[in-house]
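This report describes a structure made of protein chains. Its headings cover the basis of the model, the folds, the interface and the core.

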Amino acid sequence: MTALTEQVGHLSTLSRPDWRLVLPVGWLALVFLAALTVDWLPVPTPTDMDFMAVETLPSAEHWLGTDQDGRDIFSRVAHGARVSLVVGFLAPLVGLFFGTLLGLLSAWYGGIARTSILVALDAILAFPGLVLAMALTAILGASVGSVTLALGVLAIPSFARISRARALPLIQREFVLAAKTAGAGDAWILLREVLPNMVMTLVTYTLTIVSVMIVIEGALSFLGVGVPPPAPSWGGMISEGRSALERAPHISLIPAAAMFFTVLSLNVLGDRLRRRAEAREGGLS
Amino acid sequence: MQGKVASAHPRHTAAGRCGPAMPPLARRFVRRLMHLLAVLAIVSVATFLMLELLPGNLADSFLHENASEAEVAAIERDLGLDKPLVERFMDWAGNALRGDLGESPVSGEPISAAIAERLPVTLQLLLYAQLLSLAIALPLGILAGYREGSTLDRVISGGALGSLAMPHFVWGILLILLLSIWLDWLPATGYVPFLESPPGNLMSLFLPALTLAMVEAPVYLRLLRSDVASTLREDYIVVARAKGLGDRQILLRHALRPSSFTLITLMGINIGNLIGGSVIVESLFALPGVGRYLVEGVIRRDFFTVQGVVLVIAVAFVLVNLLVDLAYNLLDPRLSHDSAH
């Protein structure tokens, strides 16, 4: 029903641009582009200090103004985007891999294997996300790699739950029984019969969780326990701008806006994708 | 004992779900408790092993680079690192059970006492934030659901979507800028203890609690909106209307009650998010709470403090989730199957 209305709605709006699709995709493309090309743009490096222009507003020389140390905010936002994007897109992949594996195993096997996987997942969930991320980064040492790993661990339980929930009804299906009767091994059935039928759900969820990861990475940097300075990150920039909030609020607000629009774009796109995936896979389970 | 048998039996839940007989509440409770104890055991082992994952030796983090071997040995003895791992864990867990988390080697203060001193601030902040989020979400969510599809609904729902995309630290900065710098209504920092001045205390915690609420409220609001909208389409609402009940009574008596179950679960789920948020908010507004203590511990590389705080937070979080689960079970008698699986 919803699928149908959406399809019809989709057809009728083909002529005029769909702003809910164009704006988020456009913004994300812009962020990616800035992150990729900033080194070739005519802007100062993110650590260059221009003492002639401290806390300035946007100008031709400094496109988004400068911070308390006279560093170019555009350059720092673009370099900070690298950290956000790398962590935001790689961490869910860590969660996707291990989470799906555990979810499939816990759906297929019973007994001790299932119980211990479920208890272990609940144990990860027993730590509030940010607290676990902080503890893991503190121990692994603050770097892009360890933040990614820490956030990846954080994402494992939700991926495991989703893949388990998707796998349970699939396992009851006739094609699994057929494969079993044909003598297929457990690994074959799980990877060749069950997994392909849940790819859409998993991919959708991976994209949805990217924004969560970007926010947590931002929080870690904001608290000063994430990716260490002088490498710029959005959370770190927002935090550094606090001391000049009264005189020059744009130092905090520009990276905050960058993060806001990125997270909003991802959420809007994720919502849309999820609805479409649900409509498509609804009949399968 | 029965519960132990049940949880060890893999087919039990499947059979229980298909069978018409409802498993007794007591048996379910015991099974839930076993699961909980297993989770707590893993949590404590993991928190203990956390420090073993440190690259290099734990003692190194307290010493300068070219410390002599005698110095290393002395500090290892001090920290009990010369004992075998299992013995150290038993010591640590035994002490933790008695409420003793040891002393911070960095500041020298007992960790349990430091946490106990800061816990009330955090708890008050969390409670305050939950109340504020409900105060925001209830009226707006009901209104949006009641007028589903209207301009008002679109404004409220759009606002909620936008608010959800703003992390705690962005909301915090915006609220400081707006309410304390531009409008000059509230102080951005300066915590007033409750016993010193209750109104001053509520004032000093208002901005931090509001920051948390701005991120929590949209989640509740969206749930309430869709719940109210779908409930209003149910038959019994039509009946209530036909009986001549006013809109207000229909909304509060009939439409809101089913939503309260989902709301309670959601509030339970959100506590983790709220705890994370309070870590940020306490740091941003310089509140003497547990979250800020944790951040300070991480920054000073005071790993024993980090370990202690993480353990306390995780155990508290697990227990709160258990309470939410129990409350949910008691409130909704229809729930007969095991919600944990």
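## Chain B

How many helices and how many strands are there in chain B? Chain B has 13 helices and zero strands, where helices (H or I, at least four residues) and strands (E, at least two) are DSSP runs, numbered from the N terminus. Along the sequence the pattern of chain B is α-α-α-α-α-α-α-α-α-α-α-α-α.

Of the 341 residues in chain B, 31% are buried. A residue is buried if 20 or more other C-beta atoms lie within 10 Å of its own, exposed if 12 or fewer, and partly exposed in between, with C-beta atoms placed from the backbone. Two residues are in contact if their C-beta atoms, placed from the backbone, lie within 7 Å. Among contacts in chain B between residues at least 6 apart in sequence, those joining residues at least 24 apart make up 70%.

## Basis and confidence

This is a predicted model, in which local features need pLDDT of at least 70 and side-chain atom pairs count only at pLDDT 80 or more, while totals for chains, interfaces and linings use all residues. Residues are numbered from 1 along each chain as its sequence is written, and chains are lettered from A and ligands numbered from 1 in the order in which they are written.

The pLDDT is the predictor's confidence in each residue, from 0 to 100. Its average in chain B is 78, and 84% of the residues score at least 70. Over residues 1–20 of chain B the pLDDT is below 50, and this stretch has 23 contacts in the model beyond near neighbours in sequence. Residues 336–341 of chain B also stay under 50, with nine contacts beyond four places in sequence. Chain A has a mean pLDDT of 83, and 92% of its residues reach 70 or more. Within chain A, confidence is lowest in helix H1 (residues 2–12), at a mean of 51, and highest in helix H3 (residues 73–108), at 90. For the complex, the predictor gives an ipTM of 0.81 and a pTM of 0.82.

## Chain A

Chain A has eleven helices and zero strands. Its C-alpha atoms fill a box of roughly 75 × 55 × 30 Å, taken along the principal axes. Buried residues make up 43% of the 285 residues in chain A.

## Where the chains meet

In the model, 39 residues of chain A are in contact with 41 residues of chain B. On the chain A side, the elements that give two or more residues include helix H5 (129–140), helix H9 (199–223) and helix H11 (250–281). By class, this side has 25 nonpolar, ten polar and four charged residues. Here Ala, Val, Leu, Ile, Met, Phe, Trp, Tyr, Cys and Pro count as nonpolar, Asp, Glu, Lys and Arg as charged, and the others, Gly among them, as polar.

Why is Leu130(A) classed as buried? Leu130(A) is buried because 25 other C-beta atoms lie within 10 Å. Leu130(A) sits in helix H5 of chain A. Not counting residues up to four places away in sequence, Leu130(A) touches Ile216(A), Ala219(A), Gly276(B) and Val279(B).

## The nonpolar core

A nonpolar core is a set of buried Ala, Val, Leu, Ile, Met, Phe, Trp, Tyr and Cys residues joined through C-beta atoms within 7 Å. The largest one has 135 residues, and those with the most contacts inside it are Val131(A), Ala133(A), Met134(A), Leu151(A) and Leu294(B). Helix H9 (residues 198–231) of chain B gives the largest share of this core, 14 residues.
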